[in-house]
Amino acid sequence: MWFTNEGNNSIGRITTAGKVSDFTGAGIDGPNQITAGPDGALWFTNDTDNSIGRITAGGKVSDVTGAGIDQPYGITTGSDGALWFTNVDDNSIGRITTSGVVSNYTGTGIDQPLSITAGPDGALWFTDGEAIGRITTAGVVSSYAAGQDGAIFGIAAGADGDLWFTNVNADTIGRITTAGVVTEVAGPAVDEPLAITAGPDGALWFTNLRNHSIGRITTAGVVTDVTATTIGYPGAITAGADGALWFTDSFNDSVDRITPAGSITDFTGPAVETPGAITAGSDGALWFTNVRVTGGSIGRITTAGKVSTYTGTGIDELSAITAGPDGALWFTNLGNNSIGRITTAGVVSNYTGTGIDDPTAITAGPDGALWFTNAGNHSIGRITTAGVVSNFANSKIGKPSAITAGPDGALWFTNAQRSIGRITTAGKITFVSSADIADPSGIATGADGALWFTDTDANSIGRFVPRLH
């Protein structure tokens, strides 16, 4: 199985025996989706540098850039022997041959497309806001209204010859025939569904965020869901090489495995003590912060459940952690006003100085640097992988807390002054304010391409869709 690691800019490979290999370097920059190509190689989208990447079974990487590739996201192999992909930024569907020749299709019916899959009719099908799109290999586009609230996200071909999709805001699972007939299934077992994937049993499996469950829908439209005390807030889901489904659970700080029969295994570790942030490392393990340990610690858990922790100099009152583009993990230290770095071997470095003042959140930016919030001096900081710090201030920034990389290539942060801030990689700062934004705290980019935030004063969850530039 081959997979993308967006956090550390790598392509991963895992054998059925569980051996993991990791490939980094030129040609891999913000990888999103990956698919098997007709030439025996794997093809993937790079949204950071606007390219289509190719990796051979031996790990040799090449990529194609240029006109017709603009923030690519989804990718699949078409019936014509070419690769087809979605371009979020310029509202188009792209096609690339195995020799690297790119074609581009725009027009009515294509508006910020995300996921794409090969249909049983020889055409390509994609999600497009409130609609499902279809494009033939000759470039003829059709569009079918589906759902509401502009929240159509995941799409997969079912074993019944139809296409299945998730509607996040309407709490439904949708089905569309190749003739364009749409039906949607709702009910108590479908509650804020996010990701969806085809399971080894011929059914579709999805995550339900709001009712803390894993959902399953047969091609006949029969929905069931699995709940357990070990399921908190499930996020992403995928079919594993072991015939099971694997999903993430942020509430319970765990990675879970569910068989088609509904048996769940929960992976945590004995050295997990009030874990805060968590991220995937370049070594195939998960890295997280332990808040309750005196001074704090960095935790690491392998997929087999083996836990290691790191404490000492350079780790002091941890807040956030993220995977860096250099293969290391980067984190914020509130206790000594510094940015920390830890290699996958456990070697810690620490950066202090002007421009770092009560750093809170940190994230990898699309420019290869790390971006963080400074609550102490009301600014946004940037640190390169060489440790060079820049600082961006603005009179409208007040105790910023969380920060995330947005779907538009900018960084978005929460601001105590009743607003959400946006900063480009060039340092240009703008703000979004509203009567519905009182005291924003956390922020994240959702699977629906929107920004989601928590609002402490209003006791609410906020959502807004940034305009993609």
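A salt bridge here is a side-chain nitrogen of Lys or Arg within 4 Å of a carboxyl oxygen of Asp or Glu. The structure is a predicted model, in which local features need pLDDT of at least 70 and side-chain atom pairs count only at pLDDT 80 or more, while totals for chains, interfaces and linings use all residues. Residues are numbered from 1 along each chain as its sequence is written, and side-chain values use heavy atoms, with hydrogens and water left out.

**View 1. The salt bridge between Arg175 and Asp162.** The closest N and O atoms of Arg175 and Asp162 are 2.3 Å apart. Arg175 lies in strand 18 (residues 172-176) and Asp162 in the loop between strand 16 (152-157) and strand 17 (163-167), so the pair ties together parts that are 13 residues apart in sequence. Strands (E, at least two residues) and helices (H or I, at least four residues) are DSSP runs, numbered from the N terminus. Arg175 counts as partly exposed because its relative accessibility is 25%, whereas Asp162, at 8%, is buried. Buried means under 20% relative accessible area, exposed over 50%, and partly exposed in between (1.4 Å probe, protein chains only). Salt bridges that share partners join Arg175, Asp162 and Asp160 into one network.

**View 2. The salt bridge between Arg341 and Asp326.** In this pair the closest N and O atoms are 2.9 Å apart. Asp326 is partly exposed, with a relative accessible area of 30%.

**View 3. The salt bridge between Arg95 and Asp80.** The closest N and O atoms of Arg95 and Asp80 are 2.9 Å apart. The pair links distant parts of the chain, 15 residues apart: Arg95 is in strand 10 (residues 92-96), and Asp80 is in the loop between strand 8 and strand 9 (83-87). At 18% relative accessibility, Arg95 is buried, while Asp80, at 29%, is partly exposed. A search of the whole structure finds 9 salt bridges.

View 4. Pro31 is placed in strand 4 (residues 31-36). Pro31 counts as buried because its relative accessibility is 0%. Not counting residues up to four places away in sequence, Pro31 touches Thr4, Asn5, Glu6, Asn9, Ser10, Ile11, Phe44, Thr45 and Asn46; contact means heavy atoms within 4.5 Å. The C-alpha atoms of Pro31 and Ser10 are separated by 7.3 Å, and the two residues are 21 apart along the chain. The sheet is open and has 4 strands in the order 4-5-6-7, with antiparallel pairing. Strand 4 and strand 7 stand at its edges with a single partner strand each, so one side of each has no neighbour in the sheet. From one strand to the next, the twist averages 25°; the axes are lines fitted to C-alpha atoms, for helices over the stretch in contact, and angles run from 0 to 180 degrees between N-to-C directions. Strand 4 is joined to strand 5 (residues 42-46) by 4 bridges, and these strands run antiparallel. Two strands pair if DSSP finds at least two bridges between them. Ala36 has Leu42, in strand 5, as its bridge partner.

**View 5. Gln71 in a loop.** Gln71 is found between strand 7 (61-65) and strand 8 (72-77). Its relative accessibility is 11%, so Gln71 counts as buried. Leaving aside neighbours within four places in sequence, Gln71 is in contact with Asp47, Asn50, Thr86, Asn87, Val88, Asp89, Pro407 and Asp408.

**View 6. Gln417 in a loop.** Gln417 is placed between strand 41 (411-415) and strand 42 (419-423). Gln417 is partly exposed, with a relative accessible area of 43%. Apart from neighbours within four places in sequence, its contacts are Ser395, Lys396, Ile397 and Gly398. The C-alpha atoms of Gln417 and Pro400, which are 17 residues apart along the chain, are separated by 8.7 Å.

**View 7. The whole protein chain, for orientation.** The secondary structure comes to 0 helices and 46 strands. Buried residues make up 49% of the 469 residues in the chain. Among contacts between residues at least 6 apart in sequence, 33% join residues at least 24 apart.
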